[in-house]
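Here are some notes to read alongside the model, written as numbered points. Please keep the sequence and the structure open while you go through them.

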Amino acid sequence: MMKGLPMQVYQENYINSLHTELLEMVEKYLTPAALRYHYSEAPLEASIKWRPVVLVLGNYSSGKSALINEFLEADIQKTGQAPTDDSFTILTYDENPSPDSPIRVTEERDGKFLLNDPEFPFESMKKHGQRFASHFRLKKVNSPFLKALAIIDTPGMLDSITERDRGYNYQEVIGDLAQIADLILVLFDPHKAGTIREAHTSLRETLPSRTFEDRVLFVLNRIDECASLNDLLRVYGTLCWNLSQITGRKDIPMIHLTYSPRAAIDSKNRLESDMSYLRYLENQREELKSAVLGAPRRRLDHLAAFVETHSERLSHMLEALVNFQKKRRSHRFQSFLAGVLFSFVGTGVVFSSLFFTGIIAGLDPAILLSAGGGISGVFFLIWVMAIWPVMGRRFQNDILNHLDDLTPLLTQTRLDNWQAIHEKTAAFLKNSNGRFSLRTARQDHETVLTVFQKGSHEVREALNELANLSVNDSVPGPFLASLNRESEKSGEPPFQM
Ligand SMILES: Nc1nc2c(ncn2[C@@H]2O[C@H](COP(=O)(O)OP(=O)(O)O)[C@@H](O)[C@H]2O)c(=O)[nH]1
Ligand SMILES: [Mg+2]
């Protein structure tokens with residue numbers, strides 16, 4: 001480690017250089033092949049080269065906007081009891097205002113701008129249409145909290161409103177944003193501690209299963225509205241039960257408990273209830289905050305998983321294409337030979353019939369030879385023009401009908417990968433008519449495979465090293481543990497359940 005550099009700075013530099021390296025790997029080695037074989041329509045890095053992203057989901061009025069305001073330390077997002085804000089808002093940093101100017105929105109951009117500017121990772125979301133575009137915006141804010149990340153505030157999920165009423169497919173939008181996001185907060189409030197099926201389904205469907213657990217954080221918000229500790233525990237229990245019903249798992253995911261003091265100030269029932277338990281949970285907001293601030297670190301994991309997934313899939317696709325091209329080549333060679341044979345046999349048949357009818361008896365051998373050459377040429381031409389293309393088409397259809405035979409699919413991982421690229425492979429073979437260079441495909445396969453085998457390995461080692469460096473990392477502890485830690489500080493007996 002470099003001497004004289006504070007650990008924090010060293011870590012930041014390490015994260016930055018690893019980030020740059022990973023992006024370069026994608027840009028230099030994966031994207032050219034991905035574009036060439038239509039694995040992807042846009043450069044692969046388009047969705048991941050922007051800043052780390054934190055996506056905030058939850059029911060309407062679960063306090064998403066209020067919590068974000070809490071993080072930003074200013075009233076940037078509108079809050080209110082009724083469904084107040086039906087927009088997706090990207091909150092990102094603006095460093096231009098002088099450091100001592102109050103935290104505020106310094107610039108606003110609308111959806112059309114966001115969806116068309118390649119600087120942002122949202123171009124692929126144009127497909128969600130006009131109605132979505134008009135519910136999509138960006139705010140630049142000079143809050144230090146946003147220095148290294150962007151937050152996406154979302155409209156709440158509404159059980160009563162159908163997809164059609166929104167005018168765009170909410171679940172698909174959430175799915176696309178979730179793929180860009182490095183951290184996803186899913187918020188609940190004590191009043192509706194169970195209605196998150198909509199979010200969960202779209203997250204489950206869009207996030208690779210191995211990243212779901214690392215990327216999603218559950219938050220029980222507005223806990224100041226519980227009348228007592230008992231009430232809080234009841235709500236917590238309900239939420240755990242509902243989560244396990246939805247996730248289908250018995251183990252309970254970690255749930256952060258928090259509330260927004262800014263919003264709680266004007267809460268009515270505050271005086272009537274026994275709020276003493278709240279002070280044990282104050283640290284939860286700080287933990288949540290540092291988990292959110294840890295998004296750049298998560299971005300690295302996200303990137304590493306991204307490189308791993310895409311290099312693995314792309315190399316599988318290339319393996320199939322190389323095998324296809326090899327088969328096509330030997331098929332073409334065989335049909336060429338068949339063509340030669342066909343013209344020889346044809347010429348032989350013509351000659352022998354002419355010979356037996358006596359037409360060519362006594363002709364000069366030189367004339368016979370050139371006539372033979374001409375006839376076999378005509379036969380070969382017939383072959384090339386009429387029969388060869390038919391055989392080629394049959395070969396192509398055969399392959400397309402038995403695409404699974406192109407590569408061995410012996411393990412579940414290979415089966416899963418194949419599922420993800422099967423259609424792309426078929427489409428590429430169909431559109432290119434099988435005309436692509438075997439040499440280039442081989443080289444591309446080698447490059448992508450090296451990225452998958454060596455690159456991913458090196459990245460994982462680097463990430464481990466980074467984990468070992470961690471000072472007081474942002475890994476948040478479970479809520480009861482933090483209760484106990486708090487009581488240790490205050491000298492009071494820890495909670496017993
Ligand atoms: N008491 C209390 N009220 C909150 C809290 N968070 C939000 N609210 C209030 O709940 C309402 C909905 O909050 P909002 O942030 O707009 O919810 P969103 O729809 O999820 O963005 C607003 O009236 C907020 O003032 C909280 O932690 N405690
Ligand atoms: Mg809101």
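This is a predicted model: local features need pLDDT of at least 70, side-chain atom pairs count only at pLDDT 80 or more; totals for chains, interfaces and linings use all residues.

1. How do β1 and β5 run relative to each other, parallel or antiparallel? Strand β1 (residues 53-58) and strand β5 (residues 150-153) run parallel and are joined by four bridges; as a detail to look for, leucine 55 has isoleucine 152 in β5 as its bridge partner.

2. Turning to the ligand, there are 19 residues around ligand 1, and those that come nearest are Ser61, Ser65, Ala66, Asp224 and Ser260. By class, this shell has ten polar, five nonpolar and four charged residues.

3. Several polar atoms can be located beside oxygen atoms of the ligand. A polar side-chain atom of serine 65 lies 2.8 Å from an oxygen atom of ligand 1, a polar backbone atom of glycine 80 is 3.0 Å from an oxygen atom of ligand 1, and an N or O atom in the side chain of arginine 222 is also 3.0 Å from an oxygen atom of ligand 1.

4. Ligand 1 taken alone exposes 580 Å², of which the protein buries 92%. Two or more residues of the shell come from each of α2 (64-72) and α10 (261-264), and α2 gives the largest share, three residues.

Methods. Residues are numbered from 1 along each chain as its sequence is written. Chains are lettered from A and ligands numbered from 1 in the order in which they are written. Side-chain values use heavy atoms; hydrogens and water are left out. A residue is near a molecule or strand if one of its heavy atoms lies within 4 Å of it. A polar contact is a pair of N or O atoms within 3.5 Å; within protein, one must be able to donate a hydrogen and the other to accept it, and residues adjacent in sequence count only if both atoms are side-chain atoms. Accessible areas come from the Shrake-Rupley method with a 1.4 Å probe; for residues, only the protein chains shown count as cover. Ala, Val, Leu, Ile, Met, Phe, Trp, Tyr, Cys and Pro count as nonpolar, Asp, Glu, Lys and Arg as charged, and the others, Gly among them, as polar. Two strands pair if DSSP finds at least two bridges between them.
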